[in-house]
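Dear colleague,

I am handing over the structure below, and after it you will find my notes. Please read them with the model open beside you.

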Amino acid sequence: MSLIFIDKIPANLRTEFEKKLRAVCTNLKIRNPNWLMALMWAESRFIPTAKAPDSSATGLIQFLESTASEIGYSTAQIAKMNVVEQLVPVEKYLSLQIKRYGMPDNGYELYELVHYPAAYKKANSFVLYSKGSAAYNANKLDYDKDGNVTVFELKTFLEKSINPYYDTSFLNQTESGQNVNQFIQGVPNFLLWLVVISFFFFTGFSLLKPGSWKALE
């Protein structure tokens with residue numbers, strides 16, 4: 001699968017960027033590198049010097065000063081890096097978040113992990129922040145104008161940032177195109193069959209003699 005928005009990366013860095021980004025996703029076991037591409041596009045449009053006007057948020061995934069310091073950087077240092085170099089602190093931060101909160105099952109959850117970790121894997125109705133807070137003022141995501149920003153509205157924002165250019169179905173698909181819900185549902189069935197087969201293999205019981213269930217000698 002080709003990377004979305006790859007044409008937005010400077011031509012002289014494009015090959016190196018793609019190689020590094022795919023390596024990051026492999027290292028972190030992120031099942032579709034386009035989830036990370038979508039995250040960075042929504043947060044910064046791949047502008048490594050991008051800076052939020054109302055906070056310290058800087059760079060490809062909008063590192064706050066506090067989050068940058070957690071992984072040994074300052075936002076000033078990050079802003080001096082190009083798009084390839086910034087993938088190093090991106091990987092470090094995502095690794096830290098995945099250890100804290102668990103593996104994202106889709107592109108929406110990867111975005112939640114960065115934008116507002118308290119909302120990670122929460123229901124669509126979960127409120128991230130409300131009118132009057134700094135986060136509310138900094139993020140114009142209250143689409144229904146009820147004074148609250150929910151997980152659903154965060155997902156809507158992510159889709160709106162992608163939708164004019166690409167179908168957003170990939171946010172729920174692995175890189176091979178498999179629906180992540182089917183993948184997740186299939187795991188328990190696979191494990192059940194593995195347990196059953198292992199039981200009969202290691203105990204020596206035979207399925208070839210219906211009704212006997214007698215241990216083979």
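Leaving aside its neighbours within four places in sequence, which residues is methionine 40 in contact with? Taking contact to mean heavy atoms within 4.5 Å, methionine 40 touches Phe17, Leu21, Arg45, Phe46, Leu60, Ile61 and Leu87.

Before going on, please note that this is a predicted model, in which local features need pLDDT of at least 70 and side-chain atom pairs count only at pLDDT 80 or more, while totals for chains, interfaces and linings use all residues. Residues are numbered from 1 along each chain as its sequence is written, and side-chain values use heavy atoms, with hydrogens and water left out.

Buried here means under 20% relative accessible area, exposed over 50%, and partly exposed in between, with a 1.4 Å probe and protein chains only. Helices (H or I, at least four residues) and strands (E, at least two) are DSSP runs, numbered from the N terminus.

**H1 against H2**

The axes of H1 and H2, which are lines fitted to C-alpha atoms over the stretch in contact, with angles running from 0 to 180 degrees between N-to-C directions, come within 9 Å and cross at roughly 115°. The two helices are therefore roughly perpendicular to each other, a term that covers 65 to 115 degrees. Phe17, Leu21, Arg22, Val24 and Cys25 of H1 make the contact with Pro33, Leu36, Met37 and Met40 of H2.

**H6**

Helix H6 is mostly covered, since nine of its nine residues are buried, and what covers these buried residues includes H2, H5, E1 and H8.

**Two positive phi values**

Lysine 29, in the loop between H1 and H2, has a positive phi of about 65° although it is not a glycine, and lysine 29 is exposed, with a relative accessible area of 60%. Glutamine 62, in the loop between H2 and helix H3 (65-70), also has a positive phi, near 55°, but glutamine 62 is buried, with a relative accessible area of 14%.

With best wishes

Definitions and conventions
Parallel < 35°, antiparallel > 145°, perpendicular 65-115°, else oblique.
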